[in-house]
Amino acid sequence: MDRVKSSMQQVPNAIPKVIRRTGGANSLELEKENFERGQAVSINKAINTQEVAVKEKHARTCILGTHHEKGAHTFWAAVNRLPLSSNAVLCWKFCHVFHKLLRDGHPNVIKDSMRNKADLTDMSRMWGHLSEGYGKLCSIYLKLLITKMEFHIKNPRFPGNLQMSNRQLDEAGENDVNNFFQLTVEMFDYLECELNLFLGVFSSLDMSRSVSVTAAGQCRLAPLIQVILDCSHLYDYTVKLLFKLHSCLPADTLQGHRDRFQEQFKKLKSLFYRSSNLQYFKRLIQIPQLPENPPNFLRASALSEHISPVVVIPAESSSPESEHMVETDELVDTDIPSLPAALETKFDDLFGTSAAIDPFNFNSQNGMRKDDKDRLIEQLTREIQALKEELESFRLESGRLCQVLRGRVSELEAELAEQSHLRLQAVGECEFLKAELDDLRRVREDTEKEQRSLTEIEKKAQANEQRYTKLKEKYTELVQSHADLLRKNAEVTRQMTVARAAQDEVEAVRKEMQEKVKAAQDAADRQEREQLEQLQELQRELVSSRTELDSLKTTMASSQQSSEVLSTQLVALESEKAELVQSLSKVESELVAQGEELERVQSSLATERESGVKTAEALQNQLNEKESREQALESQLVAARWSSLQGAVEEAERIIQDSLAQIDDPAHISCTSSADYLASRCQASLDCVDRLHSAREAFTADNTGVSELLRVVTQCGHLVGDTIVQGSATSHMVPVEQADALSESVKACGAEALALLGQMKQQDSISAADNSKLKAALEAILATAEKLRPRGLELQQGELGDLVEQEMAATSAAVESAAARIEEMLNKSRAVDTGIKMEVNERILASCTELMQAIKELVLSSKDLQRDIVESGRGAASMKEFYAKNSRWTEGLISASKAVGWGATVMVDAADMVVQGKGKFEELMVCSHEIAASTAQLVAASKVKADKDSANLHRLQHASRGVTQATAAVVASTKSGKSQIEEKDTMDFSSMTLTQIKRQEMDAQVLVLELETRLQKERERLGELRKKHYELAGVAEGWGVEEEGTG
């Protein structure tokens, strides 16, 4: 110890310079040399052996130097030459300056300083051997700085001054609860080091005296300003992270975090209050006050009541304690010399003192009266005395004025020094602000670039949206035009049918008219023949009558006797003849009339024939025009069908291409999905592919059936694209090998779908399009999804109810067996152990027995509550049907029951090993925490479907609180027993030599490095185990099934 003290006292007066002048350098080298020389001077002035606070202007110059060279190489080059291990005050001021650089210096200061981490660790360990003074404080401060560097290296998103927004804090955790959990632990460690330095400084000061106004007290208190700034941010971030963790994890899991936060909250509140009462801090910093009570993390709404503590630093001014008065030479000489004796007796020299003494007394010789002379002498003497008094008063007044002027000069010199200091400080702040302005300009440029890129992305998104809207409108128009064309086609077909019917009617009318004309001609011919026959018959009758008349004439002569008779007969015959002539004339007139009528009918028939031919020709022309229009409309309809089909195929291609592009998008990595949902999407895609094949064959056979093909193509594109996205999201939840295979299958599926759609776009290749490869790719994805489905889902629904009863019975049996084993171990311990060991074992086993009883009560309450839930929710269904209907809830009960039974068994084994002296107390504490978490899971699974007013639910909650208390009792008894049994080695170095201490120090360093490496590896392993546990638990419990396709 004496050797260390003597080495501390041997501090050199002059610190060696860091920079040497190089000969013959250009302007850049000269500028660099001047910069390094200025930095060396500032560092040597800031870090010295005087027990006074570090001057702000020197620290500010060092900070600006790091921003100038973008690192801390010059700083460490100068510091490595300082004897930090020999003088505690020198090391303390180095820690203060280094802390300022870590907070306000360039971000590369942390990286450059990590190279000296081993030296700082050794120095901290060396100063830690001192139990008082600056040595202990230096050890604590160095540990804090090492912790700060490690924290910023592990969490590069946090700047040195710890100033972050809420969004940046969320990004630092990457939306992962494991990262937030680990980050909270690291912040607790960081804040613990800050509080240790706070307490160390206060414990080293005599608070009964006004130490904050002394130079030594200010030297110790100055670094606490940086500590207060760090603590305010760490407290704020810890509160926000704990609220976030409580929203994601059970409250029992975070009990340790809450206990540690309560302890640090009390310390920090007390230290802030004590610091705010010190005179030194009142003019330099405004310290915030923490709330009366810590936040309640179990109430999520309490986050809105949290107010972030804000530390306010007023405008910096020169501190009178750190500035020294500038001593100057006297500008005015206020010492007025006394009047010489010759001057005082000047009158006597001129006029003489008296007539008796003065031999040259001419007055007496001249006969002047003595009285006049005496009066004159007295008058002159009084005047001389008055002049002397006035001169003395002038001398005193001039001395006083000189003193006042000297004080004024001193004040002006002090003010000049202060103005110079403020000017330098303003110059430094200007340079710092310039550096910050450059950084802000770069940040603004980066922000503008990001804004422009975001604007471009939004424009592209809007363009894509407009394009999609236009395509949708075009598709709607095509569908509408297709419907219109179908209606027009039906109208044309109807018109053609009407025209054909009219043509048939005209043809029938023409045939009927032709038949009527022919019938009329036949009737006229027949009537003419009949009239001719009648005329011939009349002519024959006339001939016969003439012959008979001739015969009568011939016989007249012979029958004269009967002449009168004959004359009478003759008159009768003449009258009959006249009648026959009249009838003949009538028949002839009728024949003429019938001939005229026949001519008229023939002329009208010819006219009707001509009009019928013209009408038939007009109808034939209209029919030809309609046929040509129908052919044009048919061709347009075919073109519209193909354009609609091509548009639908292109839209499906874009959907699938967008899905394939999402696989390589970095933002898609965080998306997850379940194997069940992927299997359902694959099955839907296979069904749609089959319908696509049927619709394509129907379209190939008949081009009119395009509407079904359009719907199937669009639906197939959506389903295959969704399958690709869900397959990629599912690959993020499975091991690497299966993830790679699933990704390849998804990409192959996308390629086959694009190939099939490419064939369907061409008219000549649509009939040869083959969908077998696409079906094979989808079946491969479906097979992979079936392999990835959780095993719990393979159970038949009828087996779930039996499995619940079996697991609950197995849990009860495991708890009973554990209680019996604990009782047996307690009896063995009483028979074998004695003293403290028996007392510790009895206390541990008694607490374990109470825990088993609490778990047993919890299991029974859970059974009763499940029975109520089943009875109230199953209706007319059986218990097995109810369990099968609520399979997810049932699987949660099964998993929770298994966890409780397994935890009880493992805790009994751990207790047995501890009682035998072969186990570790930590294993028993970990098992207790695991049982608490498992019972919490069982309570959550049991109460999720329970009525909030159920009596069994209240019993279950009461039993859960009993388990929590019993778990805490087990942990407390384990810690107490551990503290009683374990022996604590005391460090005694009094009998060791310097070589032995150095050897032990090296061994301790090796052991510390090994333990730190092992601790780091175990922490990483713990993080991976937790991550894997969450993944497996999510798959087994069916997490994400309710949120199908969230990725």
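This report describes a predicted model of a protein, from its overall make-up to selected residues.

## Basis of the model

Because this is a predicted model, local features need pLDDT of at least 70, and side-chain atom pairs count only at pLDDT 80 or more, while totals for chains, interfaces and linings use all residues. Residues are numbered from 1 along each chain as its sequence is written, and side-chain values use heavy atoms, with hydrogens and water left out.

## Overall make-up

The protein has 30 helices and zero strands. Both are DSSP runs, numbered from the N terminus: helices are H or I with at least four residues, strands are E with at least two.

Of the 1047 residues, 35% count as buried. Buried means under 20% relative accessible area, exposed means over 50%, and partly exposed lies in between (1.4 Å probe, protein chains only). The protein exposes about 61,500 Å². Carbon and sulfur atoms supply 53% of that area. Accessible areas come from the Shrake-Rupley method with a 1.4 Å probe; for residues, only the protein chains shown count as cover.

Contact means heavy atoms within 4.5 Å. Take the contacts between residues at least 6 apart in sequence: 79% of them join residues at least 24 apart.

## A negative surface patch

Glu530, Glu533, Glu537, Glu541, Glu576 and Glu579 form a negative surface patch. Patch residues have over 30% relative accessible area and no salt bridge; like charges are joined within 9 Å, and nonpolar side chains (Val, Leu, Ile, Met, Phe, Trp, Tyr) within 5 Å. Asp and Glu count as negative, Lys and Arg as positive; His and the chain ends are not counted. The place of a charge is taken as NZ of Lys, CZ of Arg, CG of Asp or CD of Glu.

Two helices, α18 (370–556) and α19 (563–663), each supply at least two residues of the patch. The largest share, four residues, comes from α18. Glu541 sits in helix α18. Glu541 counts as partly exposed, because its relative accessibility is 33%.

## Salt bridges

A search of the whole structure finds 25 salt bridges. A salt bridge is a side-chain nitrogen of Lys or Arg within 4 Å of a carboxyl oxygen of Asp or Glu.

One of them links Asp236 and Lys240, at 3.4 Å from N to O. Both residues lie in helix α12 (residues 224–246), four residues apart, about one turn of the helix. Asp236 is buried, with 8% relative accessible area. Another pairs Glu1018 with Arg1021, with the closest N and O atoms 3.9 Å apart. Here too one helix holds both partners: α30 (residues 994–1037), with the two residues three apart, about one turn of the helix. Glu1018 is partly exposed, at 39% relative accessible area.

## Arg681 and its surroundings

Arg681 and Asp722 form a salt bridge through their side chains (3.6 Å, N to O). Arg681 lies in helix α20 (residues 675–701) and Asp722 in helix α21 (residues 706–731), so the pair ties together parts that are 41 residues apart in sequence.

Arg681 counts as partly exposed, at 22% relative accessibility. Which residues does Arg681 contact, leaving aside its neighbours within four places in sequence? They are Leu719, Asp722, Thr723 and Gln726. Leu778 is 97 residues from Arg681 along the chain, and their C-alpha atoms are separated by 9.7 Å.

## Loop residues

Most residues other than glycine have a negative phi. Glu174 is not a glycine, yet its phi is positive, at about 55°. Asn175 also has a positive phi, near 55°. Glu174 lies in the loop between α9 (166–173) and α10 (177–204). Asn175 lies in the loop between α9 and α10 as well. Are these residues buried or exposed? Glu174 counts as exposed, at 54% relative accessibility. Asn175 is exposed, with a relative accessible area of 70%.

Leu278 is in the loop between α13 (255–276) and α14 (279–282). Leu278 is buried, because its relative accessible area is 11%. Leu278 and Ser212 are 66 residues apart in sequence, and 6.6 Å apart in space, C-alpha to C-alpha.
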